[in-house]
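This report covers a metal site, a helix residue and a strand pairing. The sequence and structure are shown first.

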Amino acid sequence: MKIQRDDIWLLSRLDYLWSRYFINTPQNNKVFIKFGRFAKFRLGSIKLDKKSKSSFITITGMFKNPKIPMAVIDCTIAHELTHYSHGFSSPHPKMHKYPHEGGVVKREMQSRGMGHLLKAYRDWIKEYRKEFR
Ligand SMILES: [Zn+2]
């Protein structure tokens with residue numbers, strides 16, 4: 001059976017990544033994840049809805065394409081989860097002034113054992129960028 005990349009599949013990736021790499025990051029609010037529009041450059045984002053106090057992760061609709069390696073999508077989700085763990089768009093205390101201060105996301109992902117995801121992302125983005133030259 002072919003696995004369809006829909007919002008339920010995204011949620012299963014989020015659950016997997018959270019339980020494997022973010023076990024020490026408690027989930028203090030509701031966290032939603034969904035595919036957004038087909039964005040070529042903004043691959044992922046996380047937002048906190050002030051009213052509902054829920055976090056919303058959006059992943060580019062481009063990643064529904066089965067040709068995109070799963071590790072690239074995992075890397076994108078884990079990037080947003082790292083922001084969550086650092087207190088950006090989440091109820092956790094803010095650990096930095098800016099979400100990407102001094103490469104904190106990359107460093108955090110490396111220290112949590114996700115170096116392989118970063119590498120898969122690097123390899124993919126290198127080829128992907130060639131399409132825009
Ligand atoms: Zn980011």
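## Helix 1 and arginine 20

Helices are DSSP runs of H or I with at least four residues, numbered from the N terminus. The model is predicted. In it, helix 1 spans residues 7-21 and contains arginine 20. Arginine 20 has a relative accessible area of 53%; because exposed means over 50%, this residue is classed as exposed.

## Zinc site

Three histidines coordinate the zinc ion through NE2 atoms: His79, His83 and His100, at 2.0 Å. Along the chain, these donors show the spacing H-x3-H-x16-H. Histidine 79 belongs to helix 2 (residues 70-85), whereas histidine 100 sits in the loop between helix 2 and helix 3 (104-111); the pair is 21 residues apart and links distant parts of the chain.

## Strands 2 and 3

Six bridges join strand 2 (residues 44-49) to strand 3 (residues 54-59) in an antiparallel pairing. Within this pairing, isoleucine 46 is opposite isoleucine 57 of strand 3.

The hairpin formed by strand 2 and strand 3 has four residues between the strands. Lysine 53 adopts a positive phi near 60° in this hairpin.

Definitions and conventions. Residues are numbered from 1 along each chain as its sequence is written. This is a predicted model: local features need pLDDT of at least 70, side-chain atom pairs count only at pLDDT 80 or more; totals for chains, interfaces and linings use all residues. Side-chain values use heavy atoms; hydrogens and water are left out. Donors are N, O and S atoms within 2.8 Å of the metal (3.2 Å for Na, K and Ca); water is not among the atoms, so sites may look incomplete. Helices (H or I, at least four residues) and strands (E, at least two) are DSSP runs, numbered from the N terminus. Buried means under 20% relative accessible area, exposed over 50%, partly exposed in between (1.4 Å probe, protein chains only). Two strands pair if DSSP finds at least two bridges between them.
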